[in-house]
Amino acid sequence: MTPNLEQLTADFAALVARVSRPVNPTDTNTGQETRATTEPAPVAKIAPAVPPPPASPVQTVDPLLKGFNFDATVASAQVIEAAQILDRAGFAIDAVTGVDWIALNEMEVVYDFFHPTVSLRAVVRTRVPRAQPEVPTISSVFPGANWHERETHDFFGIRFLGHPNMKPFLLPEDADFHPLRKDYQP
Amino acid sequence: MIAPKDLIPVGSSGQGSQETFVLNLGPQHPAAHGVLRVLLTMDGEWIQHAEPIIGYIHRMHEKMGENRSWAKFLPNTSRIDYLSAMHYTHAFVGAVERAAKIEVPVRAEYARVITSELNRISSHMVWWGALLLDLGGFTPILYAFDDREKILDLLEGLCGARLTYCYYRFGGLYNDVDDAFLKGTRDFVKHMQPRLKMYRDLVTDNIILRKRLEKIGPISAEMCRRYGATGPVIRGSGVAYDVRRAEPYSVYPKLDFKIPVYHECDSMARYLVRMDEMEQSLRIIEQALDLIPEGPFIGKVPRVLKLPVGDTCYAVEAARGRFMVRIVSDGKEIPYRVKLRAPSFSNLSLYEEASKGMILPDALAMMGSLDLVIPDIDR
């Protein structure tokens, strides 16, 4: 199936619309109000400037300015469905990674996809609370996500529920720290 | 400490059936091309399950990115995949230039293309020599390294480094390409074209090589897609995916080159893709040498570089496939997050599935055809 941006936007808009409010109260994705109420973590000495929430959870962007065409923010429970939409559209997994937004007390999980035959790049994001960073694994849809998720777990401590092999990956086997968390002290 | 139970790989029953045994390949093994360890569950000569274990040369470049300025992180990027440092620095400077909207002079873009393609050839030569070494042929690596030396000399004259080049700067280059380099590169292209023909006569058409690579290690296009494998691996599976075409960057759209594609999906297909790519790189270099204009080699760049808040991606076609940098800025002088998407990482991740049921020497030939650089995987 050859994807086009309109179809992708429609599919994701339908997906996002199904959850009118976050799946659990702390699981926020776009709400400005929710952000205001989250308490900043005490360790953040200088609060980072946080990018403003997207005008719409599903948007197309100029690839010459950003490096990708499509940017969607979904609830953490929806990442498998999001991956399935992209899988059906013929996308390939590019990378999975995290960003620690400590000032918001949230972790962002970023899924990158590229298309092997069409010049399209898609980004899917979700936010999870720092206290309970859990998101379902998409390794059943894209087996390549298996390693990326293990790496993200190593670096951020984000737990990928249902992952078949969540063992230490790049860090030493006795590592009990997550170095890319902003409150990590070596 | 590794407990004995950890030696039982995932996927095996752990019962220790009388037919299988566990074989530990690496982390110090010549065929593993660096410190890669593969835990193999063998059924006699046949691989039942192979689990790559990585992280032995992990340096946490992504963390280093978060405690130094944008410019100071630049040399790090040339040490990820040390065989294609030009491409990796290109991706990072490209990401910063895209975010900060820095204009790059045309002369610098052409110089980047010339040096990147030279680097691609030198990287493929290391792969070629090492693969043949894996397969038991000692002579080819001597030819490859002899020719590669000429590229290293050229690039050393430009930026002082022979391997971990840090030649690109935000907005341009570290210094201008001089006449000696341009003439030397022209001479090299003339020298290299007949050498590639000789490589073909000497090695590619050799019946022993064909029997070791043909129909060995099939990787389908669908498998590449599900694992995110790119570069010569996906192009050997019949998909013409090349970042230089899919997400055009620099002056590649102005240059005429073919993307070599083979549909056999086997190790030989991946071999032939790389051999053809060297020819195409020479074609690109020739055109770029004709087209490179006079002019400045670096644009206007602010002394203190602060990027706007938000994230930006930039991908390049490195020698091993798609290398992407995702930078996240919070408006300060140092990055908030740098994600490095390494091609060898994804290319190796399919090894577990692809090597099932192969005999060990074939699996090692397939590993050679993936062209792994372990520091690239571990970062």
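Mentor: A crossing of two helices is left-handed if the near helix is turned anticlockwise from the far one by less than a right angle, and right-handed if clockwise. Keep in mind that the model here is predicted.

Trainee: Which hand does the crossing of H4(B) and H5(B) have?

Mentor: H4(B) passes H5(B) in a left-handed crossing.

Trainee: What else describes such a pair of helices?

Mentor: In general, two packed helices are described by the angle between their axes and by the distance between those axes. In this model, the axes of helix H4 (residues 106–134) of chain B and helix H5 (residues 139–159) of chain B cross at roughly 155° and come within 9 Å. Angles over 145 degrees count as roughly antiparallel, and H4(B) and H5(B) are therefore roughly antiparallel to each other.

Trainee: Which residues of H4(B) and H5(B) meet?

Mentor: On the H4(B) side they include Leu118(B), Ile121(B), Met125(B), Trp128(B) and Leu132(B). On the H5(B) side, Ile141(B), Phe145(B), Arg148(B), Leu152(B) and Leu155(B) are among them. By class, this contact of H4(B) with H5(B) has 17 nonpolar, three polar and two charged residues.

Trainee: Now the strands. How do strands of a sheet pair?

Mentor: They pair through backbone hydrogen bonds, either parallel or antiparallel. Chain A holds an open sheet of five strands with mixed pairing, in the order S1-S2-S5-S4-S3.

Trainee: Which strands of that sheet stand at the edges?

Mentor: Strand S1 (58–60) and S3 of chain A do; each has a single partner strand, so one side of each is left without a neighbour in the sheet. From one strand to the next, the twist averages 15°.

Trainee: In which sense do S1(A) and S2(A) pair, parallel or antiparallel?

Mentor: S1(A) and strand S2 (residues 70–73) of chain A pair in the antiparallel sense, over three bridges. Within this pair, Gln59(A) stands opposite Asp71(A) in S2(A).

Trainee: Which helices lie across strands of chain A?

Mentor: Helix H1 (residues 5–18) of chain A lies across S1, S2 and strand S5 (121–129), running at about 165° to S1(A). Helix H4 (residues 79–88) of chain A lies across S2, strand S4 (106–114) and S5, and runs at about 175° to S5(A). As a whole, chain A has five helices and seven strands.

Trainee: How much of chain A is buried?

Mentor: Buried residues make up 46% of its 186 residues. For contacts in chain A between residues at least 6 apart in sequence, 63% join residues at least 24 apart.

Trainee: What is the bridge partner of Arg326(B) in S8(B)?

Mentor: Lys339(B) is the partner. Strand S7 (residues 321–329) of chain B pairs with S8(B) in the antiparallel sense over five bridges.

Methods
Residues numbered from 1 in each chain as written. Chains lettered and ligands numbered in written order. Predicted model: local features only at pLDDT ≥ 70, side-chain atom pairs only at ≥ 80, totals over all residues. Axes fitted to C-alpha atoms, helices over the stretch in contact; angles between N-to-C directions. Helix = DSSP H or I, 4+ residues; strand = E, 2+ residues; numbered from the N terminus. Parallel < 35°, antiparallel > 145°, perpendicular 65-115°, else oblique. Contact = placed C-beta atoms within 7 Å. Nonpolar A, V, L, I, M, F, W, Y, C, P; charged D, E, K, R; others polar. Pairing = 2+ DSSP bridges. Buried ≥ 20, exposed ≤ 12 C-beta atoms within 10 Å, placed from the backbone.
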